[in-house]
Amino acid sequence: MRIAVLNYPDAVPTCVTGPADIWSGMARMYPVLTGIPLKTAIQIDFITPVEEKLYAGAPGSLVSKKTGAKEVYDLIIIPAMRFEKIELVVAREQVLIRWLQRQYQQGAELASICVGAFMLAATGLLDGKKATTNWLFADKFRSHHPEIEVQDDKIIVDQGRLYSCGGAFSFTSFMIYLIEKFCGHEEAVIASKILMINVHDQPQSTFSIFQFQHTHADEAITKAQQYIEKNFGQPLTIEQLARHCNMSIRNFIRRFEQATTNTPLEYMQRVRVEAAKKMLEGKNEGIGQIASKCGYEDTDYFRKIFKRYVAMTPRAYQEKYGKN
């Protein structure tokens with residue numbers, strides 16, 4: 001099996017070397033542990049662009065050679081780039097992007113890590129398909145590529161021969177997933193044990209932080225948002241918020257959703273859940289007490305809303321991220 005890892009300027013170094021280390025570590029240790037060789041030998045190359053040409057070199061080797069037109073890889077891994085360089089990298093690496101298109105047409109499968117999805121999307125191969133990227137840059141990805149369905153609640157999205165994963169360091173479990181796809185379940189389990197990598201069983205929403213959406217120009221809706229953010233612990237109604245903005249309920253809901261992409265109720269719930277997360281991370285308070293502080297009189301309803309947005313219960317979140 002031939003694997004290529006892109007090694008372009010401004011790529012996140014761990015997203016280049018890390019995947020290569022996982023595959024090569026599995027290939028080296030599998031025979032030691034099982035006493036039998038892998039069914040398929042693993043060959044890994046770093047693909048580096050230099051002056052409009054692409055060079056392939058093995059990890060740890062000082063020798064590289066220009067890639068040939070007929071050379072085809074089985075799997076090509078697209079690492080994340082520094083987030084502030086996304087547009088620069090995509091504009092600059094057109095040779096790599098065209099090479100990815102040709103490789104895919106010749107049978108290669110492509111896998112992007114984190115914001116490496118922007119480069120994969122630039123090939124046009126994801127048009128009309130689904131993908132994920134880091135939750136923090138999901139809205140930016142949507143605005144750049146409205147033709148792609150962004151599933152930013154997913155850690156891994158599999159579209160047949162096109163794969164994407166969320167945060168940069170989720171590449172560890174992403175590689176285990178790909179090992180299972182290409183080598184088999186037993187090989188993936190052994191790789192997971194050898195390298196002590198847990199497979200993600202939670203969505204990105206477990207890790208995401210709600211960003212208050214104040215980038216719009218509707219001052220009345222900004223006023224409503226600020227009121228919610230200041231008074232989230234109090235009983236709030238849509239009617240009360242509409243009156244606060246001197247609007248009819250119907251007009252208020254329409255303008256709020258247009259400005260923030262959330263309904264007023266969704267926004268209120270997300271503000272309260274974000275406040276609850278901070279409380280759960282801090283002092284060791286009871287779930288009922290935190291629910292009350294966040295405007296929920298019914299603790300069971302709070303648990304339901306919290307799990308809807310965070311994909312885990314408040315107790316599980318407190319145990320995972322709390323100080324104690």
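This is a predicted model: local features need pLDDT of at least 70, side-chain atom pairs count only at pLDDT 80 or more; totals for chains, interfaces and linings use all residues.
A helix here is a DSSP run of H or I at least four residues long, a strand is a run of E of at least two, and both are numbered from the N terminus.

**Entry 1: N134**

Buried or exposed, I wondered about N134? N134 has 14% relative accessibility, and the cut-off for buried is under 20%, so N134 counts as buried. Next I checked what its side chain is doing. A polar atom of the N134 side chain lies 2.8 Å from the backbone nitrogen of L136.

**Entry 2: the whole protein**

Time to zoom out. I looked up the helices and strands, and the protein has 14 helices and ten strands. Its C-alpha atoms fill a box of roughly 70 × 45 × 30 Å along the principal axes. The domain assignment gives domain 1 (2-207) and domain 2 (219-321). How far apart are the C-alpha centres of domain 1 and domain 2? They lie 37 Å apart.

I also jotted down how much is hidden: 48% of the 324 residues count as buried. The accessible surface comes to about 16,200 Å², and carbon and sulfur atoms own 52% of that. Then I looked at contacts between residues at least 6 apart in sequence: 65% of these join residues at least 24 apart. For charges, I found 39 positive and 35 negative ones, and their mean positions are 1 Å apart.

**Entry 3: helix α7**

I picked α7, which covers residues 185-195. Which residues of α7 are buried? They are E187, A188, I190, A191 and S192. I remembered a rule that helps when reading such a list: an α-helix has 3.6 residues a turn, so residues three or four places apart point the same way. As for what they pack against, the buried residues of α7 meet α1 (13-34) and α6 (171-182).

**Entry 4: L38, a partner of E187**

E187 came up again when I looked at L38. L38 is in the loop between α1 and β2 (43-50). Its relative accessibility is 15%, so L38 counts as buried. Leaving out residues up to four places away in sequence, L38 touches M26, A27, Y30 and E187. How many residues apart in sequence are L38 and E187? The count is 149, yet in space they are 8.2 Å apart, C-alpha to C-alpha.

**Entry 5: two positive phi angles**

Last, I went through backbone angles. The background is that most residues other than glycine have a negative phi. M196, which follows α7, has a positive one. Its phi is near 55°, and M196 is not a glycine. M196 lies in the loop between α7 and α8 (219-231). Buried or exposed, then, is M196? Its relative accessible area is 73%, and exposed means over 50%, so M196 is exposed.

T261 is not a glycine either, and its phi is positive, about 70°. I found T261 in the loop between α10 (249-260) and α11 (264-281). With 61% relative accessibility, T261 counts as exposed.

Note on methods: Residues are numbered from 1 along each chain as its sequence is written. Side-chain values use heavy atoms; hydrogens and water are left out. Domain bounds come from an automatic or database domain assignment. Buried means under 20% relative accessible area, exposed over 50%, partly exposed in between (1.4 Å probe, protein chains only). A polar contact is a pair of N or O atoms within 3.5 Å; within protein, one must be able to donate a hydrogen and the other to accept it, and residues adjacent in sequence count only if both atoms are side-chain atoms. Contact means heavy atoms within 4.5 Å. Accessible areas come from the Shrake-Rupley method with a 1.4 Å probe; for residues, only the protein chains shown count as cover. Lys and Arg count as positive and Asp and Glu as negative; His and the chain ends are not counted. The place of a charge is taken as NZ of Lys, CZ of Arg, CG of Asp or CD of Glu.
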